[in-house]
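Biologist: Hi! I'm new to this one, could you walk me through it?
Modeller: Happy to, let me bring it up first.

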Amino acid sequence: MSDAKQMEVSRVVHAPAARVFAVLADPRRHPTIDGSGMLQGTRSDSITAAGQEFAMRMHRDDLGDYQTVNTVTAFEPDVVVGWAPRLDTGFECELVGKLAGIRTGGHTYTFRLREAGDDTEVTETYDWSGVTDPKFEAFCPFVTRDQLAGTLERLAGAVEAAPGGDPDAVRALERAYEKMAGYIAGVDPDRLSAATPCTEWDVRALLNHLLAAAREFTLVNLGRSAGPNALELLSGTHDFVKGDPVGALAATAKENVDSWRRPGVLDGERTYSFGTFPAFAALMINLDEVVVHAWDLAKATGQDPGIDPEVAEILYSFHRASSLDDARAAGFFAPEIPVPDTAPVAERLLGLLGRQP
């Protein structure tokens, strides 16, 4: 469909409607599927009803940084979800001053889903026919048809897992384990007592912590309990290495990655000894554990502590879309270390997570 004030694109996604809808209804995942590059992040929870509002930090080169408030205009689980953005005038930015007195609402983004067998046809409509202020209409359309199509392409990439989960993130986890395995293979036995950037752990304790965390993620994904002493196991004092760090990681990594490929694994929430999180956030925490501690291990043992840029991009995009204040307060991450915006994404990720690149 196409008229003067509306654009529409469609794509068949090889995933059930429920999985597609779960991504669209979670504003925290919108930056990772956005084809325009404008969406920067949010602290808002999942959409649950029409009339709900969620904020989104934005950036456009010609407008700078700003924030929108999005009112949910359509919501039917697994069928349709849509929202109408407007400029958040309470957000301090230059754009608020420039658009003072201008009504910025009236355009909508709507996603309609039609399931057919194992696939789902997704139709995204951008409509600015409701814009009434001519000064604001001069900015419309805010996106191009190619950008709308890019969003559906990213959406497909985020849900077309086999048989369940986010393929990009799960493959990133697999690659992170491969890098960790290479580092472990390069560790001399006498370096297991070497200090690491995690000051409370030497190399052996760090590996024991990593293996304990992977074990807990796996068990919870399988619907099993990690046991009453799961939190204690994360301290790194239990010997999961058992004299064979290479073999211990290989077995644990395979079970962990396979558990994230189970059908429906990204639905709902997951409860661990250290908290309860949306399933996708739990996958990101799992990926964090492997990526950051692989970097720690490399630094501790004199190896090249490189982080795969594509893996770093997945984590950096996720963390930029949410606040880390609670995680820092709980001791999961150190205070942020400032890193230039022009630095490689791996360095920006490390700085965001409190590691000195």
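Modeller: One term before we start: a residue counts as buried under 20% relative accessible area, exposed over 50%, and partly exposed in between. Also keep in mind that this is a predicted model.

Biologist: Good to know. Is Asp-118 buried or exposed, then?
Modeller: Asp-118 is exposed, because its relative accessibility is 67%. You'll find Asp-118 in the loop between strand E7 (108-116) and strand E8 (119-127).

Biologist: Let's go inside. How many residues are in the largest nonpolar core?
Modeller: The largest nonpolar core has 64 residues, and Met-180, Trp-260, Leu-283 and Leu-287 have the most contacts inside it. Elements giving two or more residues to this core include helix H6 (167-185), helix H7 (203-221) and helix H10 (279-300).

Biologist: Which one gives the most?
Modeller: That would be H10, with 15 residues. There is also a second, separate core of 44 residues, with Val-96, Phe-111, Val-143 and Leu-148 among them.

Biologist: Switching to charges: how many salt bridges are there in the whole structure?
Modeller: A search of the whole structure turns up 13 salt bridges. In general, side chains of opposite charge can pair when their charged atoms come close.

Biologist: Show me one. What does Arg-28 pair with?
Modeller: Arg-28 pairs with Asp-45, and their closest N and O atoms are 3.9 Å apart. Arg-28 is in the loop between helix H1 (17-24) and helix H2 (30-33), while Asp-45 is in the loop between strand E3 (39-41) and strand E4 (53-60), so this pair ties together parts that are 17 residues apart in sequence.

Biologist: And what about Lys-254?
Modeller: Lys-254 forms a salt bridge with Asp-258, with 2.7 Å between the closest N and O atoms. The two are separated by about one helical turn, because they sit 4 residues apart in helix H9. Lys-254 is exposed at 55% relative accessibility, whereas Asp-258 is partly exposed at 34%.

Biologist: Which residues are linked in a network of salt bridges?
Modeller: Arg-171, Glu-174, Glu-178 and Arg-261 are linked that way.

Biologist: Last one: where is Pro-263?
Modeller: Look in the loop between H9 and strand E9 (269-272). Pro-263 is exposed, with a relative accessible area of 62%. Pro-263 and Arg-19 are 244 residues apart in sequence, yet 10.0 Å apart in space, C-alpha to C-alpha.

Conventions
Residues numbered from 1 in each chain as written. Predicted model: local features only at pLDDT ≥ 70, side-chain atom pairs only at ≥ 80, totals over all residues. Heavy atoms only, no water. Buried < 20%, exposed > 50% of the residue type's maximum accessible area, 1.4 Å probe, protein only. Core = buried A, V, L, I, M, F, W, Y, C linked by side-chain atoms within 4.5 Å. Salt bridge = Lys/Arg side-chain N within 4 Å of Asp/Glu carboxyl O.
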